[in-house]
Each structure stands twice: as C-alpha cells, then as structure tokens.
Amino acid sequence: MKRTISIVALALAITMIMVCLIACGKSEKSNSEGLKEGTYQLKEVDGNSAELFDEVKDEVILEISGKNKGNIIIKGVPRIELTFNENDGKVIMDDLEIPYTTQGNTITIEDPNGKMVFKMQ
C-alpha cells in the first residue's frame with residue numbers, strides 16, 4: 001500500500017513538474033539531433049518535487065515509438081502520452097508545451113524551473 005501511494009505521488013509529481021516547466025515556458029528552438037525510437041530510463045531530475053523521484057526513479061520509463069510519439073510509463077500507473085514537435089523543440093502533454101533537446105542517446109526536458117533527463121537503455 002505504501003509503495004502504491006509512492007507511485008501515485010510520483011505520477012502526480014511528474015505532472016506537476018511538466019506543468020511547472022510550462023509556466024515559464026519561453027524557449028529557443030531545440031538543438032535536437034532527432035528523436036531515436038526506443039526505451040529511455042529516467043536518470044536525473046532537478047527542480048520542483050525532485051526528491052519524490054529518489055525512491056522510484058528506476059521505474060520511470062520514456063518510450064519513443066513512431067513519428068514523434070512517446071509515453072512516460074511509471075510502474076502501476078497509466079501512461080502519460082507525449083508528442084514531440086521537432087520543428088520548435090517542444091514536447092506536448094495535454095496541450096502543454098515544454099522545451100526539450102536531444103543529444104546522442106539522451107533526451108532532456110528542461111526549462112528554468114527544472115529538468116528531466118532520460119537516457120536510452
């Protein structure tokens with residue numbers, strides 16, 4: 001039960017981080033090298049609610065499949081659907097836009113309020 005509550009809290013924290021990233025969301029065009037299809041593991045979180053990720057960080061996955069589509073999957077929690085716009089370097093979740101960049105096998109979703117770094121497995 002305690003673990004379920006932690007996972008639900010983490011899902012809410014991810015949503016809150018994404019909203020916080022949007023709040024100040026003016027960005028420059030991405031230096032994106034292009035999205036690579038595959039599975040990415042959450043490796044780093046900075047900013048609001050980052051401490052909630054310490055316990056379950058290894059259970060947060062970003063799957064990129066198809067043209068500019070992705071899902072954040074947290075064990076036991078429904079998927080969070082994402083659409084990546086490579087033209088303006090923003091990821092879209094529930095009509096919210098957040099800047100992102102890619103470099104090699106890393107995707108970084110970031111603005112002045114925080115960041116999430118995913119590395120391809």
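Me: Which residues does Phe 118 touch, not counting those up to four places away in sequence?
Reply: Phe 118 touches Tyr 40, Gln 41, Leu 42, Val 60, Leu 62, Ile 72, Asn 105, Thr 106, Ile 107 and Ile 109. Contact here means heavy atoms within 4.5 Å.

Me: What kind of model is this, and how are residues numbered?
Reply: This is a predicted model, where local features need pLDDT of at least 70, side-chain atom pairs count only at pLDDT 80 or more, and totals for chains, interfaces and linings use all residues. Residues are numbered from 1 along each chain as its sequence is written, and side-chain values use heavy atoms, with hydrogens and water left out.

Me: Back to the core. How many residues are in the largest nonpolar core?
Reply: The largest nonpolar core has 23 residues. Leu 62, Ile 72, Leu 82, Phe 84, Ile 107 and Phe 118 have the most contacts inside it. A nonpolar core is a set of buried Ala, Val, Leu, Ile, Met, Phe, Trp, Tyr and Cys residues joined through side-chain atoms within 4.5 Å. Buried means under 20% relative accessible area, exposed means over 50%, and partly exposed is in between (1.4 Å probe, protein chains only).

Me: Which strand gives the most to this core?
Reply: β4 does, with four residues. β1, β2, β3, β4, β5, β6, β7 and β8 each supply at least two. Strands are DSSP runs of E, at least two residues, and helices are runs of H or I, at least four; both are numbered from the N terminus.

Me: OK, pairing. Which sense do β3 and β4 pair in?
Reply: Antiparallel, over five bridges. β3 covers residues 69–74 and β4 covers residues 77–85. Two strands pair if DSSP finds at least two bridges between them. Ile 74 has Val 77 in β4 as its bridge partner.

Me: What's in the turn of that hairpin?
Reply: Two residues lie between β3 and β4. Gly 76 in the turn has a positive phi of about 85 degrees.

Me: And how many bridges between β4 and β5?
Reply: Three, again antiparallel, with β5 at residues 90–93. Thr 83 stands opposite Ile 92 in β5. This hairpin has four residues between the strands, and Gly 89 takes a positive phi near 70 degrees.

Me: Which residue takes a positive phi in the hairpin of β5 and β6?
Reply: Asp 94, near 50 degrees, with two residues between the strands. Four bridges join β5 to β6 (residues 96–103), and the strands run antiparallel. Met 93 stands opposite Leu 96 in β6.

Me: How many bridges join β6 to β7?
Reply: Four, with the strands antiparallel and β7 at residues 106–111. Tyr 100 stands opposite Ile 109 in β7. Gly 104 takes a positive phi near 60 degrees in that hairpin, which has two residues between the strands.

Me: New topic. How many aromatic pairs does the structure hold?
Reply: One. The ring centres of Phe 84 and Tyr 100 are 4.9 Å apart and the planes are at 80 degrees, so the pair is edge-to-face. Phe 84 is in β4 and Tyr 100 in β6, so the pair links distant parts of the chain, 16 residues apart. Rings of Phe, Tyr and Trp (its six-membered ring) pair if their centres lie within 6.5 Å; planes under 30 degrees apart count as stacked, over 60 as edge-to-face and the rest as tilted.

Me: Are Phe 84 and Tyr 100 buried or exposed?
Reply: Phe 84 is buried, and Tyr 100 is too.

Me: How many salt bridges turn up in the whole structure?
Reply: Three. The cut-off is a side-chain nitrogen of Lys or Arg within 4 Å of a carboxyl oxygen of Asp or Glu. Glu 44 meets Lys 115 at 3.3 Å, N to O. Glu 44 lies in β1 (residues 38–47) and Lys 115 in β8 (residues 114–120), so the pair ties together parts 71 residues apart in sequence.

Me: What does Glu 63 meet in a salt bridge?
Reply: Arg 79, at 3.3 Å, N to O. Glu 63 lies in β2 (residues 60–65) and Arg 79 in β4, so this pair ties together parts 16 residues apart in sequence.

Me: And which residue does Glu 97 pair with?
Reply: Lys 90, with the closest N and O atoms 3.8 Å apart. Lys 90 is buried, at 16% relative accessible area. Glu 97 counts as partly exposed, at 36% relative accessibility.
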